[in-house]
Every structure is written in C-alpha cells, then in structure tokens.
Amino acid sequence: MRSSISSFRERLRLPRLFFRRPSLEEQIHGGPPLEFERPIPPAPWRGIAVSVTIIVIAATVFWEMYARSLGYGPTLNDNEDLWTMARRKVQPESIVIVGDSRAWFDFDLDELQKGLGKRPIQLAMAGSTVWPVLSDLAGDNNFHGTIICSFVPMLFFAPPGSPPMERAEKGVKRLHSQTPAQRVGEYLGIPLEEHVAFLKPDDLSLEALLNRLPIPNRPGALVPPRFPPYFQTEDRERRARMWEKCAEPGSKLAKEIQQIWLPLFTPPPPPTYIPKDVFFATVKKGMEQRFADVIAAIEKIRGRGGKIVFVRFPHSGGLKELEDRITPRERTWDPLIQKSGVPGIYYSDFPELSNFDCPEWSHLTAGDSVEFTKRLVPHLQTALAR
Amino acid sequence: MLFNSLTFVVFFVVVLILFWSLASWTAQKNVLVVASYIFYGAWNPPFAALLFSTTAMDFWLGRQLAKAKGKPSHRWWLVASVCMNLSMLGFFKYGNFLLENFQWLLARIGVMYQPPHLDILLPVGISFYTFHSLSYTLDIYRGVLQPTRSLRDFVLAVSFFPQLVAGPIVRAGDFLPQLVRPQRLKTNQFLWGLALMTLGLFEKVVLADTLLSGPADRIFNYAGPLVAMDSWAGVLAFAGQIFFDFAGYSICAIGAALTLGFHLKDNFRFPYAAIGFSDFWRRWHISLSTFLRDYLYIPLGGNQVGPFRAALNLVIVMFIGGLWHGAAWTFVVWGLLHGSYLVMERVLRVSFENKSWASSPGIRVLAGFATYGAVCVAWVFFRASNFTVASRMLNGMFGGHQNGGDAILSTRELLQIGIITAGVIAMHWVMRDESFETTVMRLPAWAITGIGSIMAFAIIFTQGNSNAFIYFQF
C-alpha cells in the first residue's frame with residue numbers, strides 16, 4: 001500500500017534553502033518535509049469548467065422559473081441575522097413588538113406609527129416563546145421604551161429546550177455574538193433574497209423537499225410534527241404579510257396549514273422515561289416559574305419607566321377550539337394579567353376586534369392586519385396611558 | 001468566515017483577483033497576509049492580535065534556537081517555545097477544565113474550594129494554528145529546518161487562510177519553501193482547485209449539514225432511552241457527518257490553496273475502508289496523526305523500545321490526541337479508546353501475523369467492518385456532551401434498555417442515513433488503495449462534467465444556512 005504522501009509527485013525542485021539533508025533515522029520516521037506538488041488529474045479542465053458553468057446556470061434559471069410558476073416570489077427569509085438587524089435599531093425609548101407569529105403577521109407598522117406616534121420595531125418571531133427576548137430587553141439597562149407583547153399560551157409557556165425556546169434563544173444569542181462575517185453576510189444576502197424566488201430554505205430547499213416525501217413512519221415513532229410551508233412575505237423591517245395563495249378563503253394551502261396547526265398546538269404525550277405525575281408536576285412548576293420570571297422582567301422594565309401591554313390576537317376555527325380547550329383563558333391569560341398588573345387586550349372582549357377570520361385559523365391576511373391594527377390602536381393608547 | 005457563506009464567496013473572489021493581478025511576488029504575499037488576517041478577524045477582531053503575537057514569538061524563538069550554541073541552550077529555547085504555545089492553548093482552551101478538575105480533586109480530600117469561572121472565549125482554530133506555529137520551532141530544534149529570515153513569510157505560513165482554522169495542520173517546513181519562488185497561474189491547477197472546493201462544499205453543505213446533522217443531533221440530544229435501530233442510526237449519522245464535515249473542510253482548504261498556487265497535503269484517505277486502527281490513523285486526520293507521531297510518539301521512543309513501553313507510548317499519544325480535540329473527559333475517553341484499539345491490534349498482529357488465512361480477502365473485509373464498528377463506538381464519546389449521554393447511547397446500541405426505548409427518527413431519515421452510510425463505505429473501499437486524483441483521472445470528461453454539475457447545483461439547491469464546521473471548536 002502506498003504511504004500517505006505517495007500521492008504527491010515528490011521531487012526536489014528548490015535549492016535546499018530551508019532543509020538539511022535528513023538523517024537516516026529521520027527518513028525512516030517520516031522526517032523532514034520534502035518539496036512536493038499535488039498531482040492534477042489530466043482532463044480537459046477548461047471545457048469541463050465551461051460546461052459545468054452553463055449547466056449549473058441553466059438548472060438554476062430553470063429552478064427559479066419553476067418556483068415562480070408555482071407562485072413563489074422573491075422575499076426575505078426570517079433568520080437570526082435579520083432579527084439581530086432589527087434588534088440593533090432599538091433605542092432607549094423605542095416601541096417594540098415581541099412575541100410570536102401572530103404579532104408578526106397581524107400588526108401593520110404604518111397604522112401603529114400613525115396611532116402611537118413612533119414607528120415600532122418588529123421583534124416578534126414565528127414559532128417562538130417571548131421569554132428570552134423579554135429577558136434580554138429587561139437586561140438592557142438603557143431600554144425604557146414600550147413593549148407590545150403577543151400572548152399565545154402554548155408558546156408563552158414553552159419549556160427550555162423546546163423548539164419555540166430555541167428559536168428565540170438563537171436570535172438573542174446571535175445579537176450578542178454576531179461576528180463581523182455574519183453581519184456582512186446578511187447585508188450581502190438581503191439583495192439576493194429580494195430578487196430570487198427559489199431562496200426559501202423552509203420550502204424549496206433539498207431538506208424541505210425531502211421532508212415532504214410521503215413515506216410512512218414506524219408505528220409509535222415519536223416523529224416531530226411538520227411545520228407549515230411558506231405562506232408569508234417579509235420585508236427589511238421584518239413586517240410579515242400573508243401570501244395571497246393562503247389568504248384566499250378555503251384555499252388548498254390554507255386548509256393544509258390548518259391541519260398542520262392542530263398537531264403542532266397539541267401537547268406531546270408525556271415522555272416514556274419520566275413517571276407521569278413527576279412530568280406533570282414539572283410542567284406545572286415550569287409554568288409557575290415562567291410567570292414569575294416574566295413578572296420580574298416586567299417589573300425591571302417598568303422600574304426604569306418602560307411600559308408593556310399584552311395582546312391576545314384573533315384565531316379561529318379548529319385551532320381556537322383546541323387552544324380554548326387546552327389552554328383556557330382562566331388558567332393562562334387571566335392569571336398573567338392579574339399577577340403582572342400589566343394592561344392586556346383580549347381581542348374577543350371587543351366586538352370591533354372579534355369579527356376577523358383567519359384563513360388558516362391562526363393569522364390575519366395582510367389586508368385584515370391593517371384594519372385590525374387600526375381598530376386596535378385606540379385600545380393600545382388607552383392601555384399605555386394607564 | 002465560513003467557506004460555506006456568501007461572505008467567503010465575495011472575499012475569495014476579491015482575493016483571487018488581487019492576488020493574480022499583482023506582478024510582484026512580495027505584493028502577492030502581502031495580499032495573502034492581509035487577507036488571512038481579515039479572514040480570521042472576521043470572527044473576532046481581537047483574536048487576530050493573539051494569533052500575531054503567538055506567531056511573532058515563535059519567529060523570534062526560532063531564531064534564538066538556531067543561534068543557540070550547545071545542547072542545553074538549544075533545549076532551553078525549545079522549552080520556552082513549547083511552554084509559550086501550550087500555555088496559550090492551556091489558558092484559552094483548558095483553563096476552566098483544569099479549574100473544575102482541581103476543585104473536584106480538592107473536594108475528594110475534603111477541601112471545599114470554589115474557583116471563579118473564567119469567562120474565556122475560545123479563539124477559533126487555536127489548536128490548529130498553535131500546532132502550525134509550534135512545528136516551526138520543533139523542526140528547527142530537530143535540525144530539519146533552518147529559520148526563515150522573513151517575519152512576513154512566517155506569518156503567512158501560520159495564518160494562510162485556507163488552512164488557518166480547521167487544518168490540515170500544515171507544518172512551516174512544508175509551506176515556507178513554497179514562498180521562495182513566485183507562483184504562476186496554471187489554468188488546470190486553478191480549475192482543479194475550484195473542483196476540489198466544489199466537492200468539499202458538497203460534502204459539508206449537502207451531506208453533512210443537510211442529510212446527516214439533523215438526525216445525529218436529535219438522537220444525541222434526546223433525553224430518554226432509544227431503541228437499538230435509532231441509537232445505531234444516530235451514531236452512523238454522526239460518523240458520516242464528522243467525516244464529510246472535516247474531510248469537506250480539508251478538501252476546500254486544499255482546493256482554495258491550489259487556486260492560489262500552493263500545495264497542501266492530503267488530510268484524509270478513505271478512512272472508513274481502514275483495515276485495523278493503525279491503518280485508520282494513516283487515513284484519518286493525517287496531518288494530526290503524523291504531527292503526534294513525529295513530535296511525540298517518536299521522541300517518547302516509538303516502537304523502538306520494549307513492547308510494554310511501546311504500548312504505553314501509543315496510549316499516551318492517543319490520550320493527548322483526545323485532549324487536543326476538546327477540554328472534556330469524553331474526548332479523553334475517545335482518545336484512550338483509540339489508544340487501546342491500537343494496542344490490541346499490535347497484540348493481534350503478533351499473534352496472527354504468520355497465519356496465512358489472516359490475510360485472506362474475506363478476513364480483511366471482516367477486519368475492515370470490525371474497524372468501522374469500533375470507530376463508531378468511539379464516536380459515541382466524541383459526540384456525547386457527557387458520560388450520561390454516552391452511556392445512554394451505548395445502552396441503546398447494545399440492547400441495554402430494559403423497556404426497549406423510544407423510536408424518534410422518521411423512516412425517511414433512517415433511509416437517508418442507511419443510503420449515505422452504505423455509499424460512503426462502498427466508495428472508500430473502491431478507492432482505498434489509490435488516490436482521489438487517480439480515480440478522477442479514470443473518469444471520462446462527460447462524467448466529471450455531470451458529477452461536477454450535480455454537486456454545484458446541489459449546493460445552490462440546498463440553500464445551506466452557514467453552519468460552522470465541527471472542527472472549528474477545536
């Protein structure tokens with residue numbers, strides 16, 4: 001068998017400027033380095049390079065056209081770097097929106113600016129719990145602005161290590177550890193995403209397509225539920241708008257997403273390796289701890305002169321039924337408002353906020369989000385004036 | 001800066017244009033020094049100063065070593081260089097680990113001591129560049145290298161960006177001679193370099209990150225017991241992930257260096273077709289294993305001492321090799337496992353070397369699969385965050401869970417892992433006795449074009465999310 005360096009055409013080419021003649025012992029043991037060149041396999045490399053370039057460009061253009069023919073358009077992807085970019089804009093007296101995807105979809109920044117006098121900064125993240133972001137703002141001693149916080153119980157109480165917690169933690173971690181290279185990468189990536197439709201890691205990447213293969217799983221396999229496909233656009237301010245294809249009432253996409261929410265919002269069965277009573281006691285303790293942590297963070301922010309208001313956004317259909325059953329208002333929203341002493345706006349308490357329909361049961365369409373925000377503003381003004 | 005990022009693409013194009021458009025070799029080298037420091041500083045600018053100070057110290061110590069008269073003085077300068085390099089590594093990488101273990105030891109004898117937790121940020125790739133730099137003074141001490149008179153050349157040898165943060169560990173003696181004469185742009189070499197970068201990125205972005213890392217992470221992060229199939233699938237996924245991640249980086253580094261006219265040695269040679277553990281270490285992370293062989297194993301006496309001492313030397317070397325990978329006892333156990341594998345192999349070799357059946361093809365293939373299996377078992381300790389996880393994994397793999405455990409991987413993930421594992425093992429066996437270049441040479445141009453196009457498009461199609469390479473943390 002050939003030695004590890006025998007693949008190189010070893011030959012002494014240069015004067016022995018650096019090396020002395022190796023001793024016999026050194027030669028035996030691998031000894032001194034020799035001048036070497038890597039072999040270049042003989043092949044028509046120019047022709048190959050030109051052909052590969054043409055094929056790859058053609059395949060990419062085809063893929064782009066195919067993505068557009070499916071209705072996809074260029075839009076930004078929500079990631080930690082885009083979130084960090086928005087978070088860096090937070091000034092001591094800013095109005096910031098935090099929480100989950102309902103605050104991300106359902107708020108119109110123009111209407112909020114008109115009503116509250118300042119352009120808010122959108123920091124809500126889809127599928128995330130609010131705690132890490134709230135904790136980060138509480139720890140920022142300069143911040144004494146206004147926080148508008150969305151409340152979805154299943155996400156609000158997400159335990160450490162769960163996907164909603166990891167999603168939010170990733171953003172906060174990136175804020176504090178973003179390297180100059182990552183920052184430059186985001187600035188380079190934005191124009192590309194704004195012009196190329198197939199750049200949708202959650203929907204049109206190899207992994208996303210493999211995920212959709214209809215291969216049945218083993219009975220009893222604890223495979224995590226699917227996440228919804230692409231159904232929103234996002235701009236540089238992180239304003240999300242529902243994709244028209246999903247916004248059409250009764251559309252195929254909306255129906256598909258409805259059926260994805262149900263397993264996602266259903267609590268997973270208790271782990272097999274922890275006794276049930278211990279598990280439920282841990283969950284209860286975790287919820288109490290989250291209440292306590294959030295209240296402590298709120299007190300810190302309010303102690304500096306900051307303001308906070310909780311908002312429960314519209315949701316409908318089977319998802320509303322599920323949420324009402326699993327996380328009823330009396331056990332989640334009411335104690336939070338009561339214990340924290342913070343104003344809260346529950347959409348169904350106000351007729352003008354209650355008559356919105358969510359096509360996929362969880363979010364408002366882009367058009368409805370403008371109207372909803374317009375109607376919500378007076379309630380926000382009242383709540384923040386307290 | 002990661003190879004699999006848009007930032008690197010722009011950076012690399014600018015560097016290539018600048019480098020090849022300059023007529024002066026000195027100016028070209030200056031461009032590479034600046035580019036390498038920008039590449040490194042793009043993680044954390046202050047760490048570039050640390051890199052420079054380590055390099056400058058070794059440059060000066062190298063000169064003192066060469067000037068020193070007499071063996072004791074010679075040795076003193078070497079000790080100074082080794083201590084300087086290892087203390088840097090020790091402080092940044094092992095500071096908290098040493099404190100925690102010191103605290104544990106004191107607690108055993110009844111002394112309660114609460115050391116402060118040092119908030120130390122690990123400079124990326126410190127283990128690699130420390131070894132790049134240390135090889136210089138070690139080779140001068142061994143009398144196989146003369147010190148360079150150019151600080152700039154030495155700075156470039158240590159910090160050359162393709163190999164700076166995750167290897168291969170390029171010895172100063174391998175790189176400095178390449179700085180003597182100007183490089184000429186050779187089209188075939190340049191294009192072959194780009195082809196290697198495409199292959200490396202394909203391995204990293206498509207195979208390691210997209211197809212294997214997800215299932216491996218889920219299995220190793222799962223808090224409960226797992227069924228045997230999922231446990232094995234997780235370990236096989238990690239075995240594939242770490243190979244494609246690290247070999248992919250090495251190939252990218254070799255390719256990037258080639259486009260700039262520099263030649264770096266192979267770091268991997270089809271390791272999953274190794275027959276025996278000494279063969280494995282001739283194929284896996286070759287630059288580290290040869291570094292440890294030349295600068296530790298041989299000075300300890302290598303195999304030129306009695307069998308017991310030789311075995312002990314192997315274990316010591318692998319212990320250090322394990323610790324080099326990370327400041328945790330799991331890495332030490334990984335190293336010690338490999339050390340014990342190597343010792344066992346020696347014993348078996350002595351017992352069976354005269355048996356004709358021992359070298360029959362069937363036995364060789366069986367031995368190859370046994371090697372792969374044992375390497376996978378050792379990977380459990382490498383990947384597990386602590387011994388609880390490692391023991392849970394081993395119990396799952398060998399049916400140690402009384403109630404069977406949970407199945408958490410989808411059928412699609414199991415298929416993915418199975419196909420890739422079978423593919424990588426088959427490819428390694430097909431190519432095990434030749435170089436990668438020889439295999440490519442045999443392919444017709446249309447096949448190279450087809451494979452290259454598929455890989456390049458797959459990288460674009462995958463839309464990687466710039467996951468860091470595993471070996472950056474070392």
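**Notes on the predicted complex**

1. Among the contacts in chain B between residues at least 6 apart in sequence, 74% join residues that are at least 24 apart. For chain B the mean pLDDT is 90, with 97% of its residues reaching 70 or more, while for the complex the predictor gives an ipTM of 0.86 and a pTM of 0.88.

2. Chain B is built with 18 helices and zero strands. Its radius of gyration is 23 Å, close to the 23 Å that the globule rule gives for 474 residues, so chain B is as compact as a globular protein of that length. Taken along the principal axes, the C-alpha atoms of chain B fill a box of roughly 70 × 65 × 55 Å, and 49% of the 474 residues of this chain count as buried.

3. Chain A has 17 helices and nine strands. The C-alpha trace of chain A spans about 90 × 50 × 50 Å along its principal axes, and buried residues make up 34% of the 386 residues in the chain. Of the contacts in chain A with a separation of 6 or more, residues 24 or more positions apart account for 80%.

4. The contact between the chains takes 64 residues from chain A and 64 residues from chain B. On the side of chain A that touches chain B, the elements giving two or more residues are β2 (36-37), α2 (45-69), α9 (180-193) and α10 (206-211) of chain A. The largest share of that side, 12 residues, comes from α2(A). By class, the residues on the side of chain A that touches chain B divide into 41 nonpolar, 15 polar and eight charged.

5. In chain B, the axes of helix α5 (residues 126-142) and helix α6 (residues 151-159) come within 8 Å and cross at roughly 135°. At that angle α5(B) and α6(B) are therefore oblique to each other. On the α5(B) side the contact is made by B:Y129, B:H132, B:S133 and B:Y136, and on the α6(B) side by B:F154, B:V158 and B:S159. The contact of α5(B) with α6(B) has four nonpolar, three polar and no charged residues.

6. A:W361, a residue other than glycine, has a positive phi, near 80°, and its place is in the loop between α16 (351-354) and α17 (366-385) of chain A. Is A:W361 buried or exposed? With 25 C-beta neighbours inside 10 Å, A:W361 counts as buried. In chain B, B:F270 likewise has a positive phi in a residue other than glycine, near 50°. The place of B:F270 is in the loop between α9 (228-259) and α10 (277-281) of chain B, and B:F270 is buried, with 23 other C-beta atoms within 10 Å.

7. A last point concerns B:I286, which is in helix α11 (residues 286-297) of chain B. B:I286 has 23 C-beta neighbours inside 10 Å; as 20 or more are needed for the class, B:I286 counts as buried. Although B:I286 and B:K265 are 21 residues apart in sequence, their C-alpha atoms are 8.9 Å apart in space.

Note on methods. Residues numbered from 1 in each chain as written. Chains lettered and ligands numbered in written order. Predicted model: local features only at pLDDT ≥ 70, side-chain atom pairs only at ≥ 80, totals over all residues. Contact = placed C-beta atoms within 7 Å. Helix = DSSP H or I, 4+ residues; strand = E, 2+ residues; numbered from the N terminus. Nonpolar A, V, L, I, M, F, W, Y, C, P; charged D, E, K, R; others polar. Axes fitted to C-alpha atoms, helices over the stretch in contact; angles between N-to-C directions. Parallel < 35°, antiparallel > 145°, perpendicular 65-115°, else oblique. Rg over C-alpha atoms; globule rule 2.2 N^0.38 Å. Buried ≥ 20, exposed ≤ 12 C-beta atoms within 10 Å, placed from the backbone. pLDDT = per-residue confidence, 0-100.
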